[in-house]
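Dear colleague,

My findings follow directly after it.

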Amino acid sequence: MSNLPLAKTPPMGWNSWNTFGWNINEELIRGIADKFVELGLKDAGYEYVVIDDCWSEKERDENGRLVPDRNKFPNGIKPVADYVHSKGLKFGIYSCAGTHTCAGYPGSFEHEFVDAQTFAEWGVDYLKYDYCYRPIHAPGENLYKRMGMALRNCGRDIVFSACNWGNDDVWRWIRESGAQLYRSTGDIQDNWQSIKNIVVSQIDRECYGGTYCWNDMDMLTVGMHGKGDNTEVLGGEGKLAGCSDIQYKTHFALWAMMNSPLMIGCDIRKASSEALKILSNKEIIEINQDIEGRGPYCIKQWNNPDHVFSLIKPLSGGDYAIGMFNLSDSASEMSLQFFDIGLPTASGYGLSFHECHSGEDEGVFTERRAVRLEPHDCYVYRCKLVKVK
Ligand code: GAL
């Protein structure tokens, strides 16, 4: 176990839930790990391959230990973790603070320390920890502290990913539990409305996330195109709507700018080249992974403040990331006045704009930047201060 703190920058990886729900197995996880390397996702910074709910048998063994599902993981979990490690990646698993997981498998309530031990023995590097079937009189805050303590003393570095959907004002107490990330909203769905709702609910919450404890806006749906399978588990109504590539591009840019962990949720073995391009955008990932971990602030457009806005994120070394977003359903002009970001005209400075999707340098602007944005589209700029007079 290292003494280094974990998750200095938002964790990046893949999680099985969005696309596969209960339908997971050893072969799938091995295939995903292979693709991480082949597709360059590992080089782009994605690291954790995480199995979500539905990996275990319905009962613990006679020693109270969790048992991997005999059909899905016939060789147990350790060989799967070993395989993921052999690719230079890290391996994650899932449990729950309640008596049962959301899909009805054994949870870790009153088994926190033995489960942390089991995970350490299997070579787990990341634990997603859910909130279903919590005994009503057991405060969630205490349950996350229990697992936090168990993980921090299990002899292995295990990132603790809390998932209580933003309930109980989680942002007020989660950092002290030792968790490195915490879900702040209900489950994302593969449609534009869901993405938009999550973003709107987290704007102005930037101050609650940061280095070593990140606001997790849920797994990405980029590249799913309506192919998710988890509605079956949740009793939903068949296929999800999916998004357009522009919507996925904006989804990814928002998660990156807002310092959310970047956990891919699509079947990367079948992802389109456009989806892989979005997920591998080096310049956008650099903004998300900036070492200072400062959250953005929001400057809202006066005539449509909820849906047209800029996010401004100070980066280490003096650059600024500026994302301009149009979440509304019609095209919009938008104008960012530089005095709103602390740059007075009298300073003699302007800002150079480099767009991170097109890769183009768009020149130096003074006083303001005005753009026209198509519905659901965005620009993400890396800006530098430039002396103009
Ligand atoms: C939900 C959680 C999802 C997924 C699911 C598994 O509570 O928010 O991300 O883990 O449980 O049953």
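This is a predicted model: local features need pLDDT of at least 70, side-chain atom pairs count only at pLDDT 80 or more; totals for chains, interfaces and linings use all residues.

Residues are numbered from 1 along each chain as its sequence is written, and side-chain values use heavy atoms, with hydrogens and water left out.

Sheets

Helices (H or I, at least four residues) and strands (E, at least two) are DSSP runs, numbered from the N terminus. Two strands are taken as paired if DSSP finds at least two bridges between them. An open sheet of 8 strands, with parallel pairing, has the order β7-β6-β5-β4-β3-β2-β1-β8. Its edges are formed by β7 (214-216) and β8 (262-264), each with a single partner strand, so one side of each lacks a neighbour in the sheet. From one strand to the next, the twist averages 25 degrees. Within this sheet, β5 (residues 159-162) and β6 (residues 181-183) run parallel and are joined by 2 bridges; S161 has L181 of β6 as its bridge partner.

An open sheet of 6 strands, with antiparallel pairing, has the order β9-β10-β11-β16-β13-β14. Here β9 (297-300) and β14 (361-365) stand at the edges with a single partner strand each, so one side of each is left without a neighbour in the sheet. Neighbouring strands are turned by 25 degrees against each other on average, direction ignored. The antiparallel strands β10 (residues 308-314) and β11 (residues 320-326) are joined by 7 bridges, and L311 has G323 in β11 as its bridge partner. Helix α10 (residues 245-257) packs on this sheet, touching β10, β11 and β16 (378-387), and its direction makes about 140 degrees with that of β11.

Helix pair

Helices α2 (residues 26-38) and α4 (residues 78-86) pack at an angle of about 10 degrees, their axes 9 Å apart. Axes are lines fitted to C-alpha atoms, for helices over the stretch in contact, and angles run from 0 to 180 degrees between N-to-C directions. The two helices are therefore roughly parallel to each other (angles under 35 degrees count as such). E26, I29, R30, A33 and D34 of α2 meet P79, V80, Y83 and V84 of α4 in this contact (heavy atoms within 4.5 Å).

Cysteines

The structure holds 1 disulfide (a pair of cysteine sulfur atoms within 2.5 Å). C102 and C132 form it, with their sulfur atoms 2.1 Å apart. The torsion about the S-S bond is about 95 degrees, so the disulfide is right-handed. C102 lies in the loop between β3 (90-96) and α5 (112-122), and C132 in the loop between β4 (126-130) and α6 (140-152), 30 residues apart. Buried means under 20% relative accessible area, exposed over 50%, and partly exposed in between (1.4 Å probe, protein chains only). C102 is partly exposed at 30%, whereas C132 is buried at 17%.

The sulfur of C266 is 12 Å from the closest cysteine sulfur, in C243, too far for a bond; C266 is buried at 1% relative accessibility. C356 is in no disulfide, the nearest cysteine sulfur being that of C383, 8.6 Å away.

D377

D377 is located in the loop between β15 (368-373) and β16 and is buried, with a relative accessible area of 11%. Leaving aside neighbours within four places in sequence, D377 is in contact with I246, K249, T250, M324, F325 and N326.

Technical notes:
Angles under 35 degrees count as roughly parallel, over 145 as roughly antiparallel, 65 to 115 as roughly perpendicular and the rest as oblique.
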